[in-house]
Amino acid sequence: MKSLMDNSNSYFLYRFLTLPPLASFLTYLCIKEKFAFSLNGIDAIIFGGLFFVFAISISTANTRRFQAIEELAKLWAMAMSFLLTSKRHLPNKEKEKFQFELREFFEKLRLLFHVDVVGEESQKKLRDIDSFFNEVSLTIEEFRATKNISSPELACLLGWLEKMYTSFEKLLAIKESRTPRTLRIFLDWALVIGVLILTPHFAKFGGYGVFTSFLIMSFLIVLIKVQKMLEYPFGKNMD
């Protein structure tokens with residue numbers, strides 16, 4: 001996991017340090033060779049359309065991010081309420097075990113939602129999370145069997161468990177509705193290549209064009225990184 005995140009940061013740094021200077025260099029070559037032209041209507045529509053789709057994907061990713069954070073806050077609040085209520089009725093050894101399982105549960109959530117976990121690995125993490133909910137359900141059944149817990153407390157525990165599972169399912173749905181990776185990669189490289197193709201247009205502005213192409217490419221690389229961060233809102237920690 002750490003290696004994957006380091007690779008992602010290294011890839012971003014590599015692109016940020018190479019692509020903007022490349023755009024400036026190509027603009028400089030166009031100026032030197034007197035190869036400059038104006039952007040016609042068709043090209044403007046094509047590149048404008050790409051930027052429009054990119055902006056929409058960032059906006060929807062940001063909306064999903066806020067939804068995910070809201071559901072995660074609900075899930076965390078329900079889990080803490082469940083833990084504090086259960087601790088009054090659990091032996092010390094069981095308390096420590098439940099706290100450990102709760103930490104493991106949120107760690108599995110982080111791994112499941114922060115990176116593109118697919119295939120057998122995804123199924124394994126989902127099974128682990130289902131096992132956690134089953135353990136919680138069995139704990140409630142034990143409380144019910146011992147009759148050492150009041151009916152209102154038992155009803156609260158059942159309600160919290162239901163809300164926890166509902167929030168988890170919503171988080172899962174948010175993950176599944178992310179911008180398709182193929183579309184993100186296409187927009188990424190189409191916009192980058194588009195800026196490089198436009199260097200003859202920037203050459204019309206002379207020295208200012210060199211700076212402009214550098215600035216636009218830099219902003220674009222940063223926005224692509226921002227979009228990726230919005231698609232994975234939980235970062236390194238779920239706190």
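Modeller: Of the 239 residues that make up the protein chain, 39% count as buried; here buried means under 20% relative accessible area, exposed means over 50%, and partly exposed covers the range in between, with a 1.4 Å probe and protein chains only. The model is predicted, and local features need pLDDT of at least 70, side-chain atom pairs count only at pLDDT 80 or more, and totals for chains, interfaces and linings use all residues. Numbering starts from 1 along each chain as its sequence is written, and side-chain values use heavy atoms, with hydrogens and water left out.

The protein chain has eight helices and zero strands. Helices (H or I, at least four residues) and strands (E, at least two) are DSSP runs, numbered from the N terminus. Among contacts (heavy atoms within 4.5 Å) between residues at least 6 apart in sequence, 84% join residues at least 24 apart.

The salt bridges can now be taken up against this background. The structure holds four of them, a salt bridge being a side-chain nitrogen of Lys or Arg within 4 Å of a carboxyl oxygen of Asp or Glu. Side chains of opposite charge can pair when their charged atoms come close.

Because Glu70 and Lys74 are four residues apart in helix 2, about one helical turn separates them. Lys74 also meets Glu71 in a salt bridge, again given as 3.8 Å, N to O. Glu71 and Lys74 are three residues apart in helix 2, so about one helical turn lies between them.

The surroundings of these side chains can be stated as well. Glu70 counts as partly exposed, at 45% relative accessibility, and Lys74 is partly exposed, with a relative accessible area of 37%. Glu71, by contrast, is buried, its relative accessible area being 8%.

Glu71 has a further partner: it forms a salt bridge with Lys170, and the closest N and O atoms are 3.9 Å apart. This pair links distant parts of the chain, since Glu71 belongs to helix 2 and Lys170 to helix 5, 99 residues apart. Lys170 counts as partly exposed, at 40% relative accessibility. Through shared partners, salt bridges join Glu70, Glu71, Lys74 and Lys170 into one network.

Arg64 lies in helix 2 and is buried, with a relative accessible area of 13%. Residues up to four places away in sequence aside, Arg64 touches Ile174, Ser177, Arg178, Thr179 and Glu231.

A nonpolar core is a set of buried Ala, Val, Leu, Ile, Met, Phe, Trp, Tyr and Cys residues joined through side-chain atoms within 4.5 Å. The largest such core has 32 residues, of which Phe105, Phe106, Leu109, Phe133 and Phe168 touch the most other members. At least two residues of this core come from each of helix 2 (41-87), helix 3 (92-114), helix 4 (119-146) and helix 5 (151-176). Helix 5 gives the most, with nine residues. Phe168 is in contact with Leu109, Leu112, Phe113, Leu126, Ile129 and Phe133, leaving aside its neighbours within four places in sequence. A second, separate core of 20 residues includes Ala23, Leu50, Leu198 and Leu220.

Other parts of the chain complete the setting. Leu19 lies in helix 1 and counts as buried, at 10% relative accessibility. Not counting residues up to four places away in sequence, Leu19 touches Val192, Met217 and Ile221. The C-alpha atoms of Leu19 and Ile193 are 9.9 Å apart, although 174 residues separate the two along the chain. Thr199 lies in helix 7 (residues 199-202) and is buried, with a relative accessible area of 4%. With residues up to four places away in sequence not counted, Thr199 touches Ala23, Leu26, Thr27 and Cys30.

Lys34 sits in the loop between helix 1 (2-32) and helix 2, and is exposed, with a relative accessible area of 75%. Lys34 has a positive phi of about 55 degrees although it is not a glycine.
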